[in-house]
Amino acid sequence: MSIAQNTETAAKLRCIACGATPDSTGQDFRCTACGDLLEFFFPGWNFDSPLSDSASLKSLWLNRRTSSHALDQSGVWRFRELLPHIPAEHVITLREGNTPLYRVPRCARATGVENLYAKHQGMNPTASFKDTGMTFAASAAHQSGFRWVACASTGNTSASMAAYAARGNMHSLVLIPEGKISWGKLSQSLDYGALTCQLRTDFDGCVQILNDLVRQKPVYLLNSVNPYRIEGQKTAAIELMEQLAWEPPDHIIVPGGNLGNSSAIGKALVEMRELKLISRLPKLSIIQAHGANPFYRCVRELGGKKLEPKKFEPMTADTLATAIRIGNPASWKKALRVLRATGGEVEEVTEIEIAAAKAEIGADGIGCEPASAVTLAGLKKLRRSGFVKPAETVVLILTGHALKDPDFTIKFHRGDLFAGTPDATEAAQAKYLQRAPVVLDANLGAVIAALDAAERNS
Ligand code: F0G
């Protein structure tokens with residue numbers, strides 16, 4: 001069967017709050033009527049649509065994996081029937097997506113969840129999940145003819161944007177909080193040629209300045225308030241279902257920062273069920289660091305069980321998981337809708353829990369950056385509360401690669417991560433996970449002694 005191309009053109013914009021349906025987005029991607037966020041929806045998806053033939057869609061997507069076309073080789077553009085239409089000549093792709101789904105047996109033992117998987121979005125071209133949204137939104141910028149693209153970032157969005165802008169012959173402007181992002185991420189945006197501005201503020205301060213800037217200058221905003229970003233990031237969930245032979249897991253667990261990723265994955269799940277690609281919805285749970293937990297507090301403390309928050313209170317965020325050091329997440333309303341739709345939970349985890357979980361994911365031979373490790377730390381809490389049952393299938397979304405933040409890893413293993421902080425005493429609990437490097441004299445006997453000692457302790 002061939003899938004008609006015109007099904008793609010059915011995407012329309014809608015405001016998530018007042019329901020207005022503008023024909024195009026403004027520079028700040030906000031609804032001109034009420035100021036809230038926009039999203040794409042697909043009024044053309046109905047029972048007469050070629051998309052109602054889910055078996056054909058699934059085999060079309062699978063067959064594309066053997067194609068030599070750039071669009072088919074991308075794990076984002078491979079699923080283009082479920083995305084707004086962007087003409088092929090504007091597509092900027094680094095063959096993103098198609099990331100592995102791993103079993104993590106040690107983490108499974110540590111949590112008592114036998115069917116535990118990690119989908120490693122850190123295996124993308126710039127080593128974070130951002131690439132799936134960036135290929136799509138950068139292509140939209142290209143289609144609109146922009147010379148400059150820009151973002152505020154905790155480091156991964158900027159690395160990704162800089163790469164895609166370079167590939168698409170566009171200039172990129174990065175606003176990052178000075179001293180609060182990892183060197184690995186900063187070095188990427190320099191190497192990919194971005195104009196990189198380290199502002200003396202936090203992420204939330206960078207966002208404010210960027211929002212003002214895009215109203216004055218012809219630069220294209222590539223933060224996740226841009227609904228094209230969300231559409232591209234949906235594909236991680238579609239690909240995950242394909243990897244699980246379209247049998248949804250019971251739970252998907254994601255880190256929560258600006259809350260774009262949870263919104264995107266949740267949107268994809270709901271749309272896949274609408275199109276009968278899956279028969280039921282996994283519960284999507286969102287985990288935040290305790291020091292950057294505005295969404296957790298909104299849901300747990302303000303909203304209670306009914307998930308009806310009376311108000312949203314931004315905070316000054318602080319966590320060593322710098323990727324999610326965010327106090328005023330832009331997409332909190334979208335994420336709340338996802339919790340409601342899927343019946344997921346929201347949890348918070350401490351700095352020590354994050355560090356320990358990161359080392360445990362590393363010990364499974366995979367590794368990830370600190371922000372990604374909140375998923376495993378959160379799963380442990382969700383197991384303790386009984387929300388996740390031992391026989392259920394759980395997928396952790398690992399958002400960034402271990403090499404994104406080697407400073408954190410080295411400090412943890414040397415036992416320096418919490419030195420001089422109020423957490424120092426409690427951090428001793430995670431000592432059993434630390435593997436500090438051993439400095440030895442350059443002789444065979446010393447190495448053999450180290451090997452024997454390690455064998456005795458293993
Ligand atoms: N994990 C990593 C590694 C991240 O870089 C981010 C966000 C998140 C999780 C949270 O995802 O914001 O969609 O809820 N990083 C952004 C950035 C904010 O600028 O790189 P989210």
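Author: Asn 169 counts as exposed because its relative accessibility is 73%; here exposed means over 50% relative accessible area, buried under 20%, and partly exposed in between, with a 1.4 Å probe and protein chains only. The model is a predicted one, in which local features need pLDDT of at least 70 and side-chain atom pairs count only at pLDDT 80 or more, while totals for chains, interfaces and linings use all residues. Residues are numbered from 1 along each chain as its sequence is written, and side-chain values use heavy atoms, with hydrogens and water left out.

Asn 169 sits in the loop between helix H5 (156-167) and strand S6 (171-177). Helices (H or I, at least four residues) and strands (E, at least two) are DSSP runs, numbered from the N terminus. The phi of Asn 169 is near 60°, which is positive although the residue is not glycine. Most residues other than glycine have a negative phi.

Positive phi values also occur after helix H8, the part examined here. Just after H8, Ala 245 has a positive phi of about 55°. Trp 246, in the loop between H8 and strand S9 (251-255), has a phi near 65°, again positive in a residue other than glycine. Trp 246 counts as buried because its relative accessibility is 13%, whereas Asn 169 counts as exposed.

At the start of H8, a side-chain oxygen of Asn 226 comes within 2.9 Å of the backbone nitrogen of Tyr 228. This falls under the term polar contact: a pair of N or O atoms within 3.5 Å, where within protein one must be able to donate a hydrogen and the other to accept it, and residues adjacent in sequence count only if both atoms are side-chain atoms.

The 17 residues of H8 should span 24 Å at 1.5 Å a residue, and the end C-alpha atoms are 25 Å apart, which agrees. The expected span is 1.5 Å times one less than the number of residues. H8 is largely enclosed by the rest of the structure, because 16 of its 17 residues are buried.

Ala 236 belongs to H8 (residues 227-243). With 5% relative accessibility, Ala 236 counts as buried. Apart from neighbours within four places in sequence, Ala 236 is in contact with Lys 119 and Gln 121, contact meaning heavy atoms within 4.5 Å. Thr 99 is 137 residues from Ala 236 along the chain, yet their C-alpha atoms are separated by 8.3 Å.

A polar side-chain atom of Ser 153 is 2.7 Å from an oxygen atom of the ligand, and a polar backbone atom of Asn 258 is 2.7 Å from an oxygen atom of the ligand. The protein covers 99% of the 470 Å² of accessible area that the ligand has on its own, by the Shrake-Rupley method with a 1.4 Å probe; for residues, only the protein chains shown count as cover.

Lastly, the cysteines: the whole structure has zero disulfides, a disulfide being a pair of cysteine sulfur atoms within 2.5 Å. The sulfur of Cys 18 has its closest cysteine sulfur in Cys 31, at 3.7 Å, too far for a bond.
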